[in-house]
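Here is a friendly walk through one protein model, with the sequence and coordinates to hand. Please keep the viewer open as you read.

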Amino acid sequence: MTNPTRRPLLLAALALAGLARPAAAQQMDPSRATSFIQATGQELVAAINADGPVPQRRDRVGAILRRAVDVEGVGRFILGRWWRTATPAQQAEYLQLFEEVLIRNLSSRFGEYQGLTFSLGRSQARTEEDVLVSTIIERVGTPAFGLDWRVAEVGGQPKVVDVIAEGTSLRLTTRSEYSSVVSRGGSDVGALLTAMRRQISQMAAREGG
């Protein structure tokens with residue numbers, strides 16, 4: 001199973017979730033989306049650059065991501081048609097593992113991301129339901145790169161529903177990777193769950209817990 005966040009700072013992880021829930025769609029105000037990304041970005045940068053043990057910083061990042069990302073919507077979109085073949089127990093475990101993968105993928109790279117800064121670019125309505133907010137991510141000694149955030153109203157609150165780096169959608173890339181794992185496992189969602197558990201264990205081992 002390849003790492004779905006191999007590109008730098010694919011946060012929301014990132015992204016990490018239109019969603020397969022058109023009935024819940026609401027019009028997104030570009031200025032509200034921009035303010036949301038600015039505030040969320042500042043929180044994430046502060047958490048990444050903070051001193052302290054990794055578990056404490058990971059908990060802080062996890063709280064930000066749970067609040068800022070439509071984890072359930074993103075996760076269900078990524079699993080795609082396999083969501084309907086999964087048992088309720090598998091669905092529940094998948095969403096739990098998916099959230100853990102998002103958080104662990106970011107916390108496992110705290111060292112790489114030290115000293116990050118970001119600046120806002122332009123914002124534009126992508127559809128009536130979501131807005132694309134562009135940011136520039138910078139770190140001393142490495143080239144700056146652009147990261148675009150799709151923001152939508154979910155349950156009356158702005159949420160990140162996709163992250164796009166170098167023109168590549170995180171949720172679409174991860175959907176393809178996850179689907180391949182399920183297919184290779186005999187169309188059994190359990191094969192994906194096993195791979196996700198293994199991935200989390202490997203990341204936890206690298207972090208030391």
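This is a predicted model: local features need pLDDT of at least 70, side-chain atom pairs count only at pLDDT 80 or more; totals for chains, interfaces and linings use all residues.

Let's begin with helix α8, which runs over residues 189-207. How far apart are its end C-alpha atoms? They are 27 Å apart, and since 19 residues at 1.5 Å a residue should span 27 Å, the two values agree.

At the N-terminal end of α8 sits a cap: a side-chain oxygen of D188 lies 2.9 Å from the backbone nitrogen of G190.

Which residues of α8 are buried? They are V189, G190, L192, L193, A195, M196, Q199, I200, M203, A204 and E207.

In soluble globular proteins, nonpolar side chains tend to be buried together. Here the largest nonpolar core has 50 residues, and Y94, F98, Y178, L192 and M196 have the most contacts inside it. Helix α5 gives the largest share of this core, with eight residues. F98 touches V71, V74, G75, I78, Y178 and M196, again not counting residues up to four places away in sequence.

**Aromatic rings**

W83, Y94, F98 and Y178 form one aromatic cluster. A pair of aromatic rings is described by the distance of the centres and the angle of the planes. The structure holds three aromatic pairs, and two of them are worth a look in detail.

In the pair of W83 and Y94, the ring centres are 6.4 Å apart and the planes stand at 70°, so the arrangement is edge-to-face. W83 lies in helix α4 and Y94 in helix α5, so this pair ties together parts that are 11 residues apart in sequence. W83 is buried, with a relative accessible area of 11%, and Y94 counts as buried at 0%.

The rings of Y94 and Y178 also have their centres 6.4 Å apart, with planes at 80°, so this pair is edge-to-face. Y94 lies in α5 and Y178 in helix α7, so the parts tied together are 84 residues apart in sequence. Y178 counts as buried, at 1% relative accessibility.

| Charged end | Ring | Distance from ring centre |
|---|---|---|
| R81 | W82 | 4.0 Å |
| R171 | F77 | 3.9 Å |

**Two positive phi angles**

Most residues other than glycine have a negative phi, and most peptide bonds are trans. Phi of E166 is near 55°, a positive value in a residue other than glycine. E166 lies in the loop between β4 (157-165) and β5 (168-169), and counts as exposed at 64% relative accessibility. Phi of S187 is positive too, near 60°. S187 is partly exposed, with a relative accessible area of 41%.

Technical notes:
Residues are numbered from 1 along each chain as its sequence is written. Side-chain values use heavy atoms; hydrogens and water are left out. Helices (H or I, at least four residues) and strands (E, at least two) are DSSP runs, numbered from the N terminus. The expected span of a helix is 1.5 Å times one less than its number of residues. Buried means under 20% relative accessible area, exposed over 50%, partly exposed in between (1.4 Å probe, protein chains only). A polar contact is a pair of N or O atoms within 3.5 Å; within protein, one must be able to donate a hydrogen and the other to accept it, and residues adjacent in sequence count only if both atoms are side-chain atoms. A nonpolar core is a set of buried Ala, Val, Leu, Ile, Met, Phe, Trp, Tyr and Cys residues joined through side-chain atoms within 4.5 Å. Contact means heavy atoms within 4.5 Å. Rings of Phe, Tyr and Trp (its six-membered ring) pair if their centres lie within 6.5 Å; planes under 30 degrees apart count as stacked, over 60 as edge-to-face and the rest as tilted. A charge sits over a ring if NZ of Lys or CZ of Arg is within 6 Å of the ring centre and within 35 degrees of the ring normal.
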